[in-house]
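Please look over the sequence and the model shown below, and keep both at hand while reading.

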Amino acid sequence: DYPTSALYRFHVYGFEWVDNLHFVLPPARFLKDAAPYLAVVKERFMEAGWEGDGDIGILWLPPFVFPLALKVPSKGVAVWHVKQVEDGVSFLLSPIELPFEEFGGTG
């Protein structure tokens with residue numbers, strides 16, 4: 001529910017490793033025309049060091065994984081994800097700053 005331009009304000013993270021990809025779904029399941037979004041997501045991931053391999057998807061994070069102080073909406077948060085094939089590093093693009101100490105977002 002946001003325009004492609006909003007993706008430039010999202011937070012980018014790299015993480016070793018997200019291995020269970022059963023909950024990462026193709027963007028076409030949520031967007032009628034995913035191509036413009038994918039173009040920006042690819043750009044953001046490449047700026048963060050992604051080498052361009054792997055399948056980009058969307059990972060839903062339920063609201064209960066966040067501290068209550070963040071007041072995350074009851075619908076949770078949809079995070080863009082790609083797992084780099086070469087070394088297994090996952091890249092995440094989130095509309096909110098993720099409150100997990102493992103992440104050092106680059107905004």
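## A loop residue to begin with

Is Lys71 buried or exposed? Lys71 is exposed, with a relative accessible area of 71%, where buried means under 20% relative accessible area, exposed over 50%, and partly exposed in between, using a 1.4 Å probe and protein chains only. Lys71 sits in the loop between β3 and β4, and its phi is near 50 degrees, a positive value in a residue other than glycine. Strands, such as these two, are DSSP runs of E with at least two residues, while helices are runs of H or I with at least four residues, and both are numbered from the N terminus.

This is a predicted model, in which local features need pLDDT of at least 70 and side-chain atom pairs count only at pLDDT 80 or more, while totals for chains, interfaces and linings use all residues. Residues are numbered from 1 along each chain as its sequence is written, and side-chain values use heavy atoms, with hydrogens and water left out.

## Two buried glycines

Gly76 is also found in the loop between β3 and β4, but Gly76 is buried, with a relative accessible area of 9%. Leaving aside neighbours within four places in sequence, Gly76 is in contact (heavy atoms within 4.5 Å) with Trp60, Leu61, Pro62 and Pro63.

Gly88 belongs to the loop between β4 and β5, and this glycine is buried, with a relative accessible area of 9%. When residues up to four places away in sequence are not counted, Gly88 touches Trp17 and Lys83. From Gly88 to Val77 there are 11 residues in sequence and 23 Å in space, taken C-alpha to C-alpha.

## The helix α1

Helix α1 covers residues 35-47, which makes 13 residues, and reaches 18 Å from its first C-alpha to its last, close to the 18 Å expected at 1.5 Å a residue; the expected span is 1.5 Å times one less than the number of residues. Within α1, the residues Tyr37, Val40, Val41, Arg44 and Phe45 are buried. Seen down the axis of α1, these buried residues fall within an arc of 135 degrees, so they line one face of the helix, the arc being that of the directions from the helix axis to the C-beta atoms.

The buried residues of α1 pack against β1 (11-15), β4 and β5 (90-94). After α1 comes Gly49, whose phi is positive, near 110 degrees.

The largest pocket has a volume of about 420 Å³. On a 1 Å grid over the protein atoms alone, a pocket is an open set of points where a 1.4 Å probe fits, with protein on both sides within 12 Å along at least five of seven lines, and lining residues have an atom within 4 Å of a point; grid points are joined across faces, edges and corners, and a volume is the space filled by probe spheres set on the points. The largest pocket is lined by 20 residues, of which Asp1, Tyr2, Lys75, Val77 and Ala78 lie nearest its centre. Both β3 (57-61) and β4 (77-83) supply at least two residues of this lining, which divides into 17 nonpolar, 1 polar and 2 charged residues. Here Ala, Val, Leu, Ile, Met, Phe, Trp, Tyr, Cys and Pro count as nonpolar, Asp, Glu, Lys and Arg as charged, and the others, Gly among them, as polar.

The second largest pocket holds about 220 Å³ of space. Of the 13 residues that line the second largest pocket, Leu59, Trp60, Leu61, Pro62 and Val65 are the closest to its centre. The lining of the second largest pocket has 13 nonpolar, no polar and no charged residues, and β3 gives the most to it, with 3 residues.
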